[in-house]
Amino acid sequence: MSAPAMGTSKTAHTDSSNKKKKGPGTLAIAYLVIYNVVMTAGWLVIAVGLVRAYLARGSYHGLYYSIEKPLKFFQTGALLEILHCAVGIVPSSVVLTGFQVMSRVFLTWAVTHSVREVQSEDSVLLFVVAWTVTEIIRYSFYTFSLLNHLPYLIKWARYTFFVVLYPMGVAGELLTIYAALPYVQKTGLYSITLPNNYNFSFDYHTFLILIMHHVFSKLFPQLYFHMIRQRKKVLGHVEEYSKVE
Amino acid sequence: MGHVEILDAKTKDKLCFLDKVEPNATIGEIKSMFHKSHPQWYPARQSIRLDPKGKSLKDEDVLQYLPVGTTATFYFRDLGAQISWVTVFLTEYAGPLLIYLMFYFRVPFIYASKYDFTTSKHWVVHLACMCHSFHYVKRLLETLFVHRFSHGTMPLRNIFKNCTYYWGFAAWMAYYINHPLYTPPIYGEQQIRLALIVFLFCQIGNFSIHIALRNLRPPGSKTRKIPYPTKNPFTWIFLLVSCPNYTYELGSWLGFTLMTQCLPVAAFTLVGFIQMTVWAKGKHRSYLKEFRDYPTLRSPILPFIL
């Protein structure tokens with residue numbers, strides 16, 4: 001869920017300029033640079049907001065409220081990335097990107113926003129921090145890649161920080177969903193009961209539990225180990241070159 | 001008399017050398033010979049091609065008509081464990097038939113225990129059970145007695161995917177239709193009657209198309225011909241559509257949706273429609289490629305629309 005979308009673009013961003021002839025045009029590249037710069041700035045705003053709130057209050061509890069609006073705005077804005085893939089200016093899978101963005105949007109709106117009682121939970125801070133650091137690195141990575149000037153430090157950070165950030169983010173997300181469960185069950189949030197004219201029912205509480213199971217047992221391990229393999233592939237080469245030199 | 005060598009398509013290792021092969025030997029016969037030296041690769045899972053990345057040769061292809069020298073070099077790819085189409089169809093259709101009945105008879109542990117083995121008080125629920133069961137019995141019988149399959153087998157993993165789809169949706173639909181709190185259609189008898197007419201009409205239509213397609217193909221053959229309308233009025237839809245079997249199938253499920261007024265049924269109809277449209281478009285495209293004189297008025301699945 002807090003996956004920095006590594007699996008999707010792989011190393012295509014650095015390769016796209018030499019391999020693919022039919023890639024994004026100059027206008028598209030200009031737009032993407034602006035998009036990624038704006039997103040980097042947005043998440044920096046969130047980072048700064050968190051630090052300032054922490055310093056002002058002297059505690060790390062309830063920091064969500066200080067960055068609630070920019071978090072919602074910039075995380076929801078990421079939906080554009082699905083469009084980028086669909087239109088073809090970004091060489092990633094629509095399905096994979098869609099899945100990753102939707103999971104973030106789901107957590108932001110359908111869990112954290114919808115269940116007020118969890119907003120003061122510490123688990124929220126856990127995933128917000130993970131997302132913030134990840135996204136700052138990820139969007140600057142894309143920006144520099146598009147401009148063909150990717151500092152090795154950013155590449156290294158992108159393919160290394162996830163080792164800690166991804167489990168941290170997933171833990172924060174799962175704990176938040178877990179905290180929401182009793183309130184969802186009590187209020188019947190987003191649930192439809194029988195009888196009704198469409199002969200259909202939906203229990204949001206059970207749905208959340210199933211999601212937790214799926215993320216923990218299948219999704220997270222799969223994605224995490226995929227990214228570890230990606231890391232070896234991307235950062236592995238450089239170590240060989242330095243040995244030769 | 002020629003020789004045949006078979007290499008692995010990926011590693012290019014020599015897997016088998018067959019000497020003194022008759023020029024009129026078919027690929028099918030060569031596959032049987034290859035199977036003898038490699039018993040784990042039965043013919044159905046062998047893909048034999050002229051080029052490592054090329055298309056598979058057909059079993060009917062004859063050695064001497066292929067662009068090869070005295071020693072023919074073929075490349076082999078393992079298609080993985082295979083399962084026959086008939087087996088897959090029977091399994092994927094028997095599931096919904098039985099599963100739906102379990103919900104209909106309210107077998108224990110599905111609904112609250114006070115409802116165990118009770119029956120619904122709504123007559124449309126009994127009708128729906130009859131229609132659903134009829135539909136799958138028809139499909140099973142068609143699999144056994146009507147359909148003539150082009151391919152004998154498909155990859156084994158397909159049976160898990162297909163059964164999950166059919167069995168899963170059947171359980172989901174059946175749960176609501178046979179639920180003690182089921183709500184019958186808003187427009188009552190009128191709606192149910194119309195729905196039943198649509199359903200039956202499309203069942204007969206679908207069956208008619210299956211018979212027409214069967215008659216296009218002599219027993220044991222894999223020939224492909226353009227289907228045309230026959231004396232049966234239900235086949236006249238061939239004038240407008242390439243795959244009317246899918247058109248009628250959509251119609252049947254729309255009828256069933258109307259009859260039960262159940263959202264999961266609508267969802268199943270929608271997903272099925274999407275899949276059948278993909279198949280219809282593919283079939284339509286291959287008709288166009290294979291036959292120069294293919295009728296231009298026809299659409300893949302919906303007259304004039306899709």
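Let me start with a loop in chain B, the one running between α2 (85-104) and α3 (123-145), in which Arg106(B) is found. In this predicted model, the phi angle of Arg106(B) is near 50°, a positive value for a residue that is not glycine.

Stepping back to chain B as a whole, the domain assignment divides the chain into domain 1, covering 2-80, and domain 2, covering 83-288. The C-alpha centres of domain 1 and domain 2 of chain B are 39 Å apart. For residues 3-78 of chain B, an unreviewed UniProt entry lists "domain: TECR-like N-terminal". In the model, that stretch of chain B, residues 3-78, is 34% strand and 14% helix, and 22 Å separates its end C-alpha atoms.

I turn now to chain A. Here the unreviewed UniProt entry lists four stretches under "transmembrane region": residues 28-55, 76-99, 159-184 and 204-225. Two of these deserve a comment. Residues 159-184 of chain A are 88% helix and 0% strand, with the end C-alpha atoms 37 Å apart. Residues 76-99 of chain A are 67% helix, again with 0% strand, and their end C-alpha atoms lie 13 Å apart.

Chain A also has a loop between α9 (162-187) and α10 (204-244), and Pro195(A) lies in it. What is the geometry of the peptide bond from Leu194(A) to Pro195(A)? That bond is cis, with omega near -5°.

Eight residues of chain A are in contact with twelve residues of chain B. For the interface between chain A and chain B, the buried area is about 910 Å², and carbon and sulfur atoms give 58% of it.

Polar contacts, by contrast, are present: six residue pairs are found across the interface of chain A and chain B, with both residues at pLDDT 80 or more. On the side of chain A that touches chain B, four residues are nonpolar, four are polar and none is charged.

Note on methods. Residues are numbered from 1 along each chain as its sequence is written. Chains are lettered from A and ligands numbered from 1 in the order in which they are written. This is a predicted model: local features need pLDDT of at least 70, side-chain atom pairs count only at pLDDT 80 or more; totals for chains, interfaces and linings use all residues. Side-chain values use heavy atoms; hydrogens and water are left out. Contact means heavy atoms within 4.5 Å. Buried area is the accessible area (1.4 Å probe) that two parts lose on being put together, summed over both. A polar contact is a pair of N or O atoms within 3.5 Å; within protein, one must be able to donate a hydrogen and the other to accept it, and residues adjacent in sequence count only if both atoms are side-chain atoms. Ala, Val, Leu, Ile, Met, Phe, Trp, Tyr, Cys and Pro count as nonpolar, Asp, Glu, Lys and Arg as charged, and the others, Gly among them, as polar. UniProt positions are given in the numbering used here, feature names are shortened, and annotations may be inferred rather than shown by experiment. Helices (H or I, at least four residues) and strands (E, at least two) are DSSP runs, numbered from the N terminus. Domain bounds come from an automatic or database domain assignment.
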